[in-house]
Amino acid sequence: MSVTTAPSPIETSMTTFENLIDGSWMPAGDGRTLDMLSPSDGIPFARIARGGAADVDAAVRAARQAFEDGAWSRLTAVERGRLMIRLGQKILDHFEELVQLEARDTGKPMKQARADINAAARYFEFYGSAADKFHGDVIPFLDGYMATVLREPKGVTGHIIPWNYPAQMVGRTLAPALAMGNATVMKPAEEACLTPLRIVQMAQEVGFPDGAINVVTGLGEEAGAALAAHPGIDFLSFTGSPEVGTLVQMAAARNHIGCVLELGGKSPQIVFDDADLDAVIPVAVNAIVQNGGQTCSAGSRLLVQQSLYDELLPRLTERFAQLRVGSHAMDLDCGPLISAGQKKRVQGFIARACEDGITVLAEARIADGVPAGGHYVAPVLFGPVPANNQLACEEVFGPVLSVLPFVDEADAVRLANNTEYGLVAGIWTRDGARQMRVAKKMRCGQVYVNGYGAGGGIELPFGGIKKSGHGREKGFEALREFSHTKTVVFKHG
Ligand code: NAD
């Protein structure tokens, strides 16, 4: 197996990471590989397998065997939970190694990578502890009957994850599926997938039976499409773009299976004129520069009450202009974007907003000495952005914040809901009645009042409506997604 366990394998050589199928690490069937480039300098530093349909097929068969009569299928919920808690601890034991790997692979600042590795461990702890606590029911029924409802795993679950939070995503998607007893096949993103591979290797080391977790790396249109379409999959979990989400949902429909889709957002933060600005400013800025704005729940629209505009803007502008962008190792406010393609996409949004005559209120600075070849984009603050402009409606997935003024509460609600997305919203006001009124009117899956969680904790159900997708992850809701009920009725007379 080529995933080395040395403390910092990535620093020494072009380590090759292989696929995990039925407990064995193996190259792609046809031997193809992909180079992994660090977003900080564009230099290749590792290699992954470029898996294809045959590799996916082998992985799905291994999962099916594990689910139906492998050692995995015989574990009790308590035993599954223990394995997961051990994995959470192992992640913490290898904390710095994983932080280095995540930062190098994604370009994110070290402090963000630290938060992400901690969250990855928390997912396995949380769902490990929950494995034996989410169970069936007994329903009062007719005289002479006992009606029970069993809570059962879906079977073999497919997991297609993105590049923006690879370590968190492996926990978010695999942990609830494993807690319920599913056997899994994961296809991580080709742009960044090394911590998922290392964490899965740790799962083997703590004793997960062969076939419970299988991983095939490679391109979306090859390994990803093969996994989505495979008739041996019982349920799909996808996080990524709406375009690919549509393809995944169509593939799921052809196999008559369900899926959970998390497809991003254009999330608003509404700042009323009684808000505590000392609290608003740092949170509003962080919500768009965290992970370079490459966060599905990024707070990318700041809705500001007109009467507050002149007071808030200079403070926001000043803070924004102080932001510094650098490599993962420089550990500044913002890292590079994931790829040259993502940089071009974000710069396209910025250029079009400028062509449309929208004012640049502030621009952050790329630090001196960033490595050549990295994909650096300075965060930009635009405002006022017209409500129907592309910048106010479409997901940029980069560090670009749009300020939109509003007149009153009704106007704020209308503007906040005025996109095709519906993932998260933030509300800033000291007025308790208004907090509740506006929270109820938000068309999205999570609302924060006087704060902004950007997806929030592991415990909090998370997911969207409209183009942001459907289904829920995190919290106990994810256990519901990765299981189904079976009603068993006994007639005893
Ligand atoms: P993507 O949707 O193309 O990729 C996400 C995952 O899907 C990756 O693992 C990829 O390999 C896989 N995939 C790609 N094509 C596939 C296919 N035909 N069938 C099955 N799986 C496939 O996202 P991207 O290209 O990495 O980014 C494009 C845009 O998507 C970004 O600019 C951003 O707007 C959005 N995005 C959103 C999120 C999110 O968390 N919501 C994450 C990543 C990207």
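## Strands β1 and β5

Strand β1 runs parallel to strand β5 (residues 44-49), and three bridges join the two. In β5, Ala-46 is the bridge partner of Thr-15. Strands pair here if DSSP finds at least two bridges between them. Helices (H or I, at least four residues) and strands (E, at least two) are DSSP runs, numbered from the N terminus. The model is a predicted one, in which local features need pLDDT of at least 70 and side-chain atom pairs count only at pLDDT 80 or more, while totals for chains, interfaces and linings use all residues. Residues are numbered from 1 along each chain as its sequence is written, and side-chain values use heavy atoms, with hydrogens and water left out.

## The three-stranded sheet

β1 and β5 belong to an open sheet of three strands, ordered β1-β5-β4, with mixed pairing. Because β1 (15-17) and β4 (33-37) stand at the edges with a single partner strand each, one side of each has no neighbour in the sheet. On average, neighbouring strands of this sheet are turned by 30 degrees against each other, direction ignored.

Helix α8 (residues 194-206) lies across β1, β4 and β5 and runs at about 60 degrees to β5. Axes are lines fitted to C-alpha atoms, for helices over the stretch in contact, and angles run from 0 to 180 degrees between N-to-C directions. Contact means heavy atoms within 4.5 Å.

Gly-211 lies in the loop between α8 and β10 (213-215). Gly-211 counts as buried, at 1% relative accessibility. The terms are set by relative accessible area: buried is under 20%, exposed is over 50%, and partly exposed is in between (1.4 Å probe, protein chains only).

Leaving aside neighbours within four places in sequence, Gly-211 is in contact with Asp-22, Gly-23, Ala-62, Ala-63, Ala-66, Ala-183 and Thr-184. Between Gly-211 and Ser-297 there are 86 residues in sequence and 33 Å in space, C-alpha to C-alpha.

## The seven-stranded sheet

Seven strands form another open sheet with mixed pairing, in the order β16-β18-β19-β14-β13-β20-β21. The edges are held by β16 (360-363) and β21 (446-449); each has a single partner strand, so one side of each is left without a neighbour in the sheet. From one strand to the next, the twist averages 20 degrees.

Three bridges pair β16 with strand β18 (residues 380-382) in the antiparallel sense. Here Val-360 stands opposite Phe-382 in β18. Helix α13 (residues 340-355) packs on the sheet, where it touches β16, β18 and β19 (400-406), and its direction makes about 35 degrees with that of β18. Helix α16 (residues 432-441) lies across β13 (267-271), β20 (424-428) and β21, and runs at about 165 degrees to β20.

## An enclosed helix

Helix α15 (residues 409-416) is largely enclosed by the rest of the structure, because six of its eight residues are buried. These buried residues are Glu-409, Asp-411, Ala-412, Val-413, Leu-415 and Ala-416. The elements that cover them include β13, β14 (299-305), β19 and α16.

## Salt bridges

The structure holds 28 salt bridges. A salt bridge is a side-chain nitrogen of Lys or Arg within 4 Å of a carboxyl oxygen of Asp or Glu. One of them joins Asp-278 and Arg-315, whose closest N and O atoms are 2.4 Å apart. Asp-278 lies in helix α11 (residues 277-289) and Arg-315 in helix α12 (residues 306-321), so this pair ties together parts that are 37 residues apart in sequence. Asp-278 is exposed, at 56% relative accessibility, and Arg-315 is partly exposed, at 34%.

Another salt bridge is formed by the side chains of Arg-32 and Asp-30 (2.9 Å, N to O). Arg-32 is partly exposed, with a relative accessible area of 32%. A network of salt bridges links Asp-30, Arg-32, Arg-50 and Glu-222. The side chains of Arg-365 and Asp-368 also meet in a salt bridge (3.8 Å, N to O). Arg-365 is partly exposed at 40% relative accessibility, and Asp-368 is exposed, with a relative accessible area of 67%.
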